[in-house]
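Let us read a protein model together, one feature at a time.

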Amino acid sequence: MNTPLVRPAEPIRLADYQPTPYAIRTVDLDFVLNPTATEVTADLRLERREGTPAGTALMLDGDDLELLAVEIDGARLKPDAFEASPAQLTILEPPAGPFTLRVVTRIAPESNTKLMGLYRSGGNYCTQCEAEGFRRITYFLDRPDVLAVYRTRIEARRAEAPYLLSNGNLVEAGEVPGTDRHFAVWHDPFPKPSYLFALVGGDFDVLRDSFTTRSGRAVKLEIYVEHGKAERAAYAMDSLKRSMRWDEEAFGLEYDLDVFMIVAVSDFNMGAMENKGLNIFNDKYVLARPDTATDTDFANIEGIIAHEYFHNWTGNRITCRNWFQLCLKEGLTVFRDQEFSSDQRSRAVKRISDVKLLKSHQFPEDAGPLAHPVRPEVYQEINNFYTATVYEKGAEVVRMLKTLLGPEGFRAGMDLYFARHDGDAATIEDFVACFAEANGHDLDDFMLWYSQSGTPELSVTSRWDEAAKTVTLVIEQSCPPTPGQPAKQPMVIPIRFGLVGPNGEDMAYEGIEGIEAAGDVMVATAARHEVTITGVGARPVASLLRGFSAPVRLTANLDTADHLFLLAHDPDSFNRWQSAQTLATRLLVDGTAALRAGRAMEIDPRFVEAYRTVAADDRLDHAFRALVLGLPGEADIAREIGSDVDPDMVFAARDRLKRAVAAGAADAFGALYRDLASTGPYSPDAASAGRRTLRNAALDYLAHAPDPDATGRVAAHYRAADNMTDRFAALATLVSLGAPEAEAALADFYARFEGDPLVIDKWFAVQAMAPLPSTLDRVKGLTRHPAFSFSNPNRLRSLVTTFATGNQTQFARADGAGFSFVADVVLDLDDKNPQVAARLLSAFRSWRALESRRRAHAEVELKRIAAKPGLSRDVSDIVGRCLQ
Ligand code: ZN
């Protein structure tokens with residue numbers, strides 16, 4: 001336990017940041033594409049930076065490269081003038097003045113299984129360069145603060161690759177005389193870091209459209225997809241146009257090239273990539289048709305198309321000085337895509353969904369061995385920092401700025417940021433300074449949100465003084481210590497609040513003392529505040545942290561009656577949802593403890609009645625009702641319990657509560673199921689999706705009701721479905737219950753969608769999610785299914801990652817077999833695709849919170865992984881931190 005099993009490599013530290021000794025002004029690339037031997041000629045125009053002594057060696061990054069030639073200003077370098085390895089090229093004594101370095105490398109896209117650099121997907125060529133993939137194409141200063149203007153020539157056999165794409169605008173294209181080859185030349189006028197470089201070569205169908213910016217620039221829009229699938233890109237195209245318009249309206253930001261291209265590929269390590277003018281997407285986030293994609297898929301497409309498009313300003317025009325600043329582009333761009341989706345759909349529903357995601361993914365990360373600040377200060381492998389903390393908590397930090405400064409103050413800060421830093425590789429300090437200056441508002445203390453990891457705990461005790469007509473709030477904050485880090489300081493916590501009066505409306509008050517407050521936002525800055533709110537008409541219920549105004553864990557001295565009151569009346573929809581969650585969580589945490597102690601689980605009938613009321617309340621939005629009726633997930637309950645968790649008991653408690661609600665509100669669910677039947681053709685809009693979500697939630701409850709035909713009705717729903725949302729919802733309920741109808745439905749589903757990989761991913765996933773003891777054997781069997789593949793990340797994730805992250809009871813089986821299976825997959829995958837292997841391994845991150853038997857099994861498996869010789873840096877970083 002105390003001996004480090006993995007010898008950590010030298011970590012990279014923010015404190016060590018230095019600019020490069022040389023700048024690269026222009027990059028001319030020439031690719032001759034070939035599956036096994038692509039030649040890349042790179043002409044780099046270099047300049048010694050001010051302050052660099054003449055003769056300082058130039059060290060360029062490489063990764064798995066074969067060097068064919070090096071020249072400076074047209075002359076071949078003598079062997080003693082440079083040193084080369086697959087991982088580095090050093091020019092020992094470069095010229096003192098500006099010079100051109102030519103580097104010729106040979107790479108093999110066909111055998112590139114890491115899917116970083118230039119690789120093949122579906123017979124096409126594509127690239128992925130963020131974070132450090134460009135160095136797998138040519139030797140380079142492969143870091144985000146080296147900005148250059150790129151010109152890219154691509155040559156390939158026309159039959160093999162009729163489309164040749166790169167960043168920027170097309171400047172030339174034609175045949176290579178006397179050959180079966182053709183070429184294209186692209187020029188990107190905007191200086192960019194190497195991680196934004198992209199190249200695509202291949203054969204596609206193209207969906208074309210156009211957009212006129214508000215200043216009148218005509219932009220061609222092109223989405224490249226696999227043959228026969230152009231029609232499935234229509235929703236992505238529509239989302240793109242809406243994103244472009246929204247960024248003009250919300251932030252005054254216009255697109256800046258003649259063409260914006262999106263290429264959908266089926267082998268991709270993550271969701272999508274914002275390469276300048278040439279976004280490359282996991283096809284899962286482009287392709288959708290009502291019969292193949294769920295409402296969630298449609299919403300994800302809209303959000304991710306917007307996210308990558310918004311990066312054009314927040315990420316590309318203004319990029320990051322170093323990878324420690326990743327949240328500068330990611331947190332901000334997530335905030336922007338959240339706002340976009342809120343404006344396109346329902347703001348309340350979007351906010352609740354985003355907070356659910358934050359709590360289910362980021363909170364556990366922040367509470368475990370992989371915790372890190374929103375802006376990390378040290379890393380071993382940057383790929384492991386594309387995390388919920390950087391993305392989702394990073395977005396919350398931006399949202400808090402808006403809450404603290406108000407919408408106009410926030411916009412003024414953003415405007416200053418774009419005006420001042422366009423063309424820069426910037427830092428978080430640069431960003432926050434714009435908000436401070438534009439508003440005359442000191443944000444020094446706010447910076448702690450970027451440097452202090454862990455979820456702050458906010459405790460609020462409210463007391464009503466009838467005689468004085470005052471409410472006293474004692475507001476305290478603390479943050480769990482991180483081993484090896486200095487004691488945590490109090491943070492700046494914006495608390496949006498209201499005092500809900502007996503009639504269910506917000507009450508007026510005269511004044512607030514003891515804390516800084518503006519409008520309905522109090523700002524806690526100290527470990528403890530004693531706040532007095534004066535001139536309150538009657539005893540209120542305090543509605544705190546409205547809209548989840550800060551990413552903290554709130555505990556308040558509200559009892560069940562107070563929460564039931566807020567659930568019924570709070571003018572803030574978020575807190576109505578939160579009240580239901582808080583009540584359910586209390587029942588489930590207590591229930592888990594009771595079951596574990598061999599006692600009966602007590603279920604407060606008022607809770608069931610409240611759910612029945614919500615289900616039947618036709619004044620409430622469908623999607624909102626579905627969210628309120630959704631019980632906290634098993635992982636959420638486990639997180640609340642915190643330690644010594646037995647996932648089987650958590651599952652049992654949740655199952656009992658679900659059945660109690662199903663039984664107690666069966667009439668309301670039956671009515672919903674009947675009344676919400678579709679009346680017209682499928683449409684992916686938010687209102688229609690909300691109706692389906694609520695109807696399917698009602699159906700799932702009905703399947704848990706004491707009704708002999710409970711699953712028969714679900715099977716009928718499956719057969720009647722005319723869209724994937726309904727079909728998949730029914731399938732998931734049948735399979736997770738192990739219903740007698742499940743096997744026939746699975747067989748039908750496979751037969752219907754056999755040729756459709758994105759749908760077959762769902763077929764694998766639904767089986768991996770089933771909380772049944774037979775699932776592990778089934779999942780193992782499925783790894784040998786002809787349609788399974790370890791090398792396609794979507795397929796691997798659909799089966800194995802779904803099992804490890806979406807199936808608490810079976811991954812963390814008491815016999816350790818679930819852990820052992822996932823560890824085997826991690827070890828197998830490690831050489832092939834370390835980035836995906838490391839992500840899968842992160843599923844172990846909460847292992848220390850488990851009860852002792854399961855914990856011991858997890859530790860054995862983690863140590864087994866750590867002991868493998870030649871482990872990738874990606875996996876060894878995660879396993880090392882998990883065992884720390
Ligand atoms: Zn992003």
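Predicted model: local features only at pLDDT ≥ 70, side-chain atom pairs only at ≥ 80, totals over all residues.

The dialogue below takes up a metal site, a pocket and some backbone angles.

Q: Which residues are the protein donors of the zinc ion?
A: Donors are N, O and S atoms within 2.8 Å of the metal (3.2 Å for Na, K and Ca), and sites may look incomplete because water is not among the atoms. Here the donors are His307 (NE2), His311 (NE2) and Glu330 (OE), at 1.9 to 2.1 Å from the zinc ion, and their spacing in sequence is H-x3-H-x18-E. His307 belongs to helix 2 (residues 295–310) and Glu330 to helix 3 (residues 326–344), so this pair ties together parts that are 23 residues apart in sequence. Helices (H or I, at least four residues) and strands (E, at least two) are DSSP runs, numbered from the N terminus.

Q: Is His307 buried or exposed?
A: Buried means under 20% relative accessible area, exposed over 50%, and partly exposed in between (1.4 Å probe, protein chains only). With a relative accessibility of 7%, His307 counts as buried, and Glu330, at 1%, is buried too.

Q: Where does the second largest pocket lie?
A: Domain 1 (1–202) and domain 2 (319–451) both give residues to the lining of the second largest pocket, so it lies between them; such domain bounds come from an automatic or database domain assignment. On a 1 Å grid over the protein atoms alone, a pocket is an open set of points where a 1.4 Å probe fits, with protein on both sides within 12 Å along at least five of seven lines, and lining residues have an atom within 4 Å of a point. Of the 32 residues lining the second largest pocket, the closest to its centre are Ile12, Asp61, Arg135, Arg143 and Tyr379. Strand 4 gives the largest share of this lining, 3 residues.

Q: What is the peptide bond from Glu130 to Ala131, cis or trans?
A: Most peptide bonds are trans, and most residues other than glycine have a negative phi. The bond from Glu130 to Ala131 is cis, with omega near 0°, and Ala131 lies in the loop between strand 11 (124–128) and strand 12 (148–157).

Q: What is the phi of Asp64?
A: Asp64 has a positive phi, near 65°, and at 55% relative accessibility Asp64 counts as exposed.

Technical notes: Residues numbered from 1 in each chain as written. Heavy atoms only, no water.
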